[in-house]
Amino acid sequence: MLAESLALSAALFTIGVVGVLVRRNAIIVFMCVELMLNAVNLSFVALARAHGTAGQVFAIFVMTVAAAEAAVGLAIIIAIFRHVRTVNLKNINLLRG
Amino acid sequence: MNGLLAAVHYNTWILTTLLALPLAGVAVLALQSRAAAGADAAAKMEIARRTALALFVVEAALSVGLWWSLDYSSIEWQAAVTLPWIPAWGIHYKIGVDGIAVVLILLTTFLMPLTVLGSWTGIREKPFAFYAMLLLMTTGMLGVFVALDLALFYVFWELMLIPMYLIIGMWGGSRRVYASIKFFLFTMLGSLLMLVAILYVAFKTGGASGVPVFDYDLLASSAAYPAQAALWLFGAFFVAFAVKVPMWPLHTWLPDAHVEAPTGGSVVLASIMLKMGTFGFIRFALPLFPSAASDPAVRTVMVTLAVIGIVYGALVSMVQPDFKKLVAYSSVSHLGFVMLGLFAFTTQGMQGAVMVNLNHGISTGALFLLIGMLYERRHTRLFDEFGGIARVMPMYAVALSIVAFSSMGLPGTNGFVGEFLVLIGAFRTVPVATTIATTVVIIAAVYLLWMVQRVIYNPLARRENAVLHDLNWREVGLLVPLVIGIFWLGIYPAPILNRTHAAANRVIERVGGVPEVNPTELTVRQ
Amino acid sequence: MQEAHPLAETAARFIWWLPTLPLIGFLINGALALAATAKPGPADPSADHGHDQSTGPSHAASDSHAHGDDAHPPRHRFARAVSVVGPGVMVLAFGLALAIFAVMRGAEMHAPYINTLFSWMPVGDLQLDAALQLDQLSMVMVLVITGIGMLIHLFSIGYMQDDPGYARFFAYLNLFVFSMLLLVLGANMVVTFVGWEGVGLCSYLLIGFWFTEKANADAGKKAFVVNRIGDFGFMVAMFMLFANLGTLNYVDIAARAGQFAPGGALVTTICLFMLLGCFGKSAQIPLYTWLPDAMAGPTPVSALIHAATMVTAGVYLVARTSMLFSIAPVASLTVALVGAVTALFAATIGLKQWDIKKVLAYSTVSQLGYMFVGVGVGAYTAGVFHLVTHAFFKALLFLGSGSVIFAMHRAYHAIHNHSDDAQDMRNMGGMKRYMPVTWVVMWVATLAIAGIPPFAGFFSKDEILGQVFARAHGSTLASATYLGVSGATVLYAIWILALAAALLTAIYMTRMMLYTFHGPNRTGDGAQSHLAEAPWIMTGPLVVLAILSAFGGWLNLPETVTEMIPLGPTAVLEHWLEPVVGGATERIAAGSAHTAASTEQVLLGVAIAIAVAGIALAWTRLRPSSLVPKPLAEPSTGFQKVLENKWYVDEIYDVSVVKPVYATSRGVLWKFFDVGVIDTLFANGSAALARFLGWVGSQVQSGQLGTYAWLLVIGAVLVIRAFAQAGG
């Protein structure tokens with residue numbers, strides 16, 4: 001049971017990473033980040049069965065952070081869209097040194 | 001007096017109070033600043049400077065008791081307090097003083113009100129922020145003098161740098177950004193190296209227990225590092241303190257910082273902050289790493305750098321066209337005397353070094369205040385712009401002459417006592433270097449007399465100088481305590497010397513010098 | 001453990017009042033000076049700047065009016081109080097000195113009386129006290145300082161009466177006397193050093209008294225700086241003494257001087273460093289150049305500080321530390337040789353000076369050289385004797401010249417002439433008609449300095465010459481080797497140099513008298529009628545000094561003279577100083593045969609003949625009637641020009657020392673090293689490096705989120721791999 005859960009978690013995480021790396025739409029990148037977080041959550045819960053409840057507590061922490069992050073992240077994306085009329089990451093390079 | 005102080009348990013709360021009061025003052029100023037948001041600039045300035053002055057006067061009044069309440073012949077820390085701060089990391093709120101620290105604490109608490117008076121009309125922009133910076137800095141500086149825990153010490157050390165950086169950067173002259181960044185880079189470079197050394201020492205001494213040791217006494221008594229490591233550690237502390245002293249060739253931030261800083265900033269920088277470097281040597285670098293400090297090669301380097309600084313500072317200050325730069329370079333020379341006295345490892349040298357520290361605080365502080373007074377009137381500091389103003393400003397002329405002669409080390413003023421003790425003490429162990437350093441009595445006369453001549457003597461040629469007003473009562477009032485200090489320390493320095501004697505001898509003993517004990521003290525002990 | 005000193009319960013216990021009295025005078029006069037001129041400014045010095053501009057000119061105008069020469073300015077606001085306080089404290093101090101002197105004469109005292117005031121610098125084994133020491137030598141100096149000082153203070157009441165800085169002047173003068181008394185009364189070298197620097201300070205302040213002239217301010221600064229060169233030597237000597245003997249008290253130094261090997265390198269070095277101090281303060285080669293410039297100060301200052309007291313401090317110090325010099329023959333010979341060379345060198349310059357005060361200045365340098373010859377050959381009594389008589393006649397000469405200058409100033413002032421030089425002898429001439437008292441007393445002083453019996457200078461100068469001659473005939477000095485030459489040869493050379501200087505002294509002094517007081521008057525028709533004798537407050541001290549100059553020789557009559565003519569008691573001063581310097585003199589004179597009476601008589605004759613010859617030569621060869629006033633005079637040429645320009649020593653120092661030091665400090669140390677090397681390389685260099693690294697880093701910053709993400713992932717993979725490897 002544990003092995004399957006961890007495999008699913010790894011698969012979800014990999015999908016998230018690849019999505020962050022290859023997609024150009026900010027919303028989709030953002031969704032992929034959420035996917036990675038949830039993959040981690042899955043492994044936390046799975047491991048909690050074996051090692052005690054600390055993992056479950058952590059999962060709740062992560063969900064809280066993810067919710068906060070979603071609120072701030074979406075707000076930023078909307079602000080950026082208002083500013084440059086696009087959410088394509090190719091066209092946003094304000095951090096350029 | 002002593003009974004009264006004991007009755008109120010003075011020694012148990014005084015140091016903490018001295019540290020906390022300025023911090024509370026920052027809060028007070030912040031509240032006042034919000035309350036006075038709508039007021040005009042003059043009203044804001046009035047509120048801010050009055051509050052700051054009141055706070056500093058209270059601080060000074062509280063600190064006076066230290067003069068009587070402590071046992072200066074003891075080698076134990078006085079007025080000591082130890083409370084756990086972050087026990088898991090071995091960090092404590094451990095503070096305490098000895099004679100050397102008390103002298104510098106009193107110098108600080110007494111100069112700060114004068115600094116406020118010196119900035120009375122000069123600071124018109126953001127007065128609340130300015131005085132808050134001064135208060136914050138005071139906590140930092142006093143903290144360095146009292147900290148007996150290296151982590152605590154480091155916190156205070158950094159705490160005093162940042163307000164000074166802001167004071168130069170915000171209220172400074174036209175090149176203030178350059179000067180403040182230079183100041184910050186030099187001092188940061190040094191203090192980061194010191195942080196690394198502190199961490200190494202703490203973890204090394206903590207050893208197997210896993211809890212690092214930051215306690216000064218434990219570190220000083222164990223000192224279990226290989227000789228090679230001790231040299232590197234000493235080197236790291238050396239860079240941090242040498243920048244602050246400033247020792248040649250790490251001094252070039254000082255003239256720029258002084259020229260750009262406002263009067264109050266210059267006074268604090270020269271009078272108190274430079275003392276952090278030499279105090280750091282006395283309290284930390286020498287006792288923590290005695291094997292490295294007494295290494296012949298290290299001592300030769302130190303003495304050589306000190307003598308170069310003494311002569312170099314004097315020669316360069318001789319050719320400065322700017323009043324403030326002249327005084328800044330003369331500081332390099334004076335602090336060189338302190339370093340020479342420290343590394344002489346004799347009682348006279350060490351106590352002389354403490355005296356020079358104190359004297360430099362008084363005399364150079366007074367010089368910067370005097371420069372500020374002239375600058376407020378004429379908005380220039382170039383010697384070419386002045387001349388003959390003794391005719392229109394006789395009181396200013398008297399004050400400038402007294403301070404200049406004190407800075408020159410004329411007998412009867414404080415400058416002589418310090419310089420003489422340093423030189424006579426250093427001559428016993430490093431005669432050649434001392435003889436070279438003694439030539440500076442000639443150069444000092446040249447640059448200081450030339451300075452005096454170009455400002456107050458010579459023909460009163462310029463029209464704008466002919467209409468200058470003499471000192472007003474506020475300015476006279478703030479100079480009088482300094483002049484009294486100059487003569488008191490010059491004529492009757494024995495109270496100070498007796499208070500720093502035991503502390504100085506403890507350091508000398510630690511580094512393997514020969515402490516000379518006062519004969520009177522012997523009779524007391526028997 | 002020790003029995004009470006014979007002076008313990010006498011007037012001597014008030015010895016600390018001696019310096020305290022002038023100090024009180026200084027404080028009062030200083031406060032009055034400040035109170036008369038100070039006017040506190042507005043609360044905010046920068047706020048009402050615009051307002052200042054409008055009222056400014058009138059303020060400036062009234063100010064320049066007060067300082068100007070034209071209208072007769074009102075006397076100083078507190079002139080009365082100052083006239084009472086300034087000289088008053090001196091009268092009291094002199095009275096106290098006389099009382100203590102009277103007590104001392106009655107007491108049998110072999111050890112100095114030490115009066116400890118408080119502990120000054122207690123640091124380990126250096127236990128310095130603020131302590132005063134009274135012995136026969138300091139008593140002589142105290143009497144000279146307070147006595148002559150009192151007369152000069154009185155003279156100054158008249159001389160400075162119209163000066164706006166009247167109170168300031170007396171404040172400085174009182175401060176000077178305080179410092180000078182501290183110098184001679186100090187019980188350890190450091191207290192002496194306080195006085196030593198203190199007199200230098202007062203000298204600086206008084207030379208630059210009229211500070212709005214740049215030349216005066218420069219002269220004051222030069223005096224202080226050159227003195228500081230000497231002070232450097234003094235300090236190093238103190239350090240060496242303390243490092244080797246562990247004490248700086250004179251009594252203890254004397255007790256422990258035996259620890260030094262006689263004639264050894266150590267004690268010689270100490271003495272040579274001390275000498276540097278003495279040469280600076282007493283204006284000997286190579287540090288004499290400040291003294292002639294010091295004449296920029298008011299004339300009473302020249303009399304008190306730059307003739308009678310301060311400049312003799314070096315001589316005093318050699319006598320005070322005679323216990324060291326007497327065991328260092330090489331150092332002692334250096335003292336004498338430098339003294340002799342200076343005596344002659346300065347006398348040559350004195351021959352061609354036109355400024356009356358400059359003549360006297362070089363004469364002072366020359367006579368100080370004489371004193372050094374005396375103390376150098378171990379004739380400490382003779383040196384101090386000449387110090388005392390010189391104080392009498394040189395103070396008189398300076399005050400007399402002051403009286404002449406005062407008259408000249410008044411005359412020029414009356415006709416509003418501001419261009420002519422009131423001190424140039426070419427503008428004087430025939431002054432004896434207008435100032436008979438000054439004329440007579442000045443001649444007394446001239447005869448005294450020239451060495452005509454029975455005036456004071458004759459006895460003191462002759463004693464020095466005789467002692468040099470006697471030492472050359474066998475003493476520790478004569479048997480020493482000095483730079484490869486035998487000491488006896490050096491002593492004979494010194495004797496000849498001193499004789500030559502005596503001849504020149506007689507010549508230049510007679511020249512000065514002739515040009516000033518004799519011949520036709522050259523002041524100019526308008527001013528001539530305004531020339532007049534000075535008021536009694538000024539002539540009074542002159543007369544007193546003239547009496548002293550005439551009869552000062554009775555202080556120490558030589559046996560040779562008293563045997564021939566029974567004038568009075570023999571060698572009073574020598575007996576008086578015996579407890580202080582007797583031992584040292586004996587140590588140096590060890591092995592000398594007593595000079596035969598006939599030889600001494602011949603020497604006496606030679607000295608008189610030389611003095612008379614000098615006066616006669618000048619009297620017959622110089623023609624005051626052929627002089628023309630300064631503006632019409634032609635520039636001199638050849639060797640005369642070299643002398644007039646003082647052998648170009650100032651110029652040589654300027655080119656060889658002053659300018660190179662400045663140029664190096666500015667060009668090399670500051671501009672090149674500080675600003676160039678350290679700032680560019682270290683400070684700005686490190687900043688540039690940081691900027692470059694930042695630029696490299698910034699190239700990675702593409703701004704593309706995708707790139708960042710890739711880097712992040714690659715980094716994470718690498719970290720995980722590293723952990724995996726470390727773990728297993």
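Reader: How far apart are the nearest C-alpha atoms of chain A and chain B, which do not touch?

Author: In this predicted model, local features need pLDDT of at least 70 and side-chain atom pairs count only at pLDDT 80 or more, while totals for chains, interfaces and linings use all residues. Residues are numbered from 1 along each chain as its sequence is written, and chains are lettered from A in the order in which they are written. Two residues are in contact if their C-beta atoms, placed from the backbone, lie within 7 Å. Chains A and B do not touch, and the distance between their nearest C-alpha atoms is 22 Å.

Reader: Which chains share the most contacts?

Author: Two pairs of chains are in contact. Of these, the pair with the most contacts is chains B and C.

Reader: How many residues does chain C bring to its contact with chain A?

Author: The side of chain A that touches chain C has six nonpolar, two polar and one charged residues, where Ala, Val, Leu, Ile, Met, Phe, Trp, Tyr, Cys and Pro count as nonpolar, Asp, Glu, Lys and Arg as charged, and the others, Gly among them, as polar. Chain A gives nine residues to this contact, and the number from chain C is 10.

Reader: What share of the residues of chain C count as buried?

Author: A residue is buried if 20 or more other C-beta atoms, placed from the backbone, lie within 10 Å of its own. The C-alpha trace of chain C spans about 120 × 70 × 60 Å along its principal axes. Of the 728 residues of chain C, the share that count as buried is 53%.

How values were computed:
A residue is buried if 20 or more other C-beta atoms lie within 10 Å of its own, exposed if 12 or fewer, and partly exposed in between; C-beta atoms are placed from the backbone.
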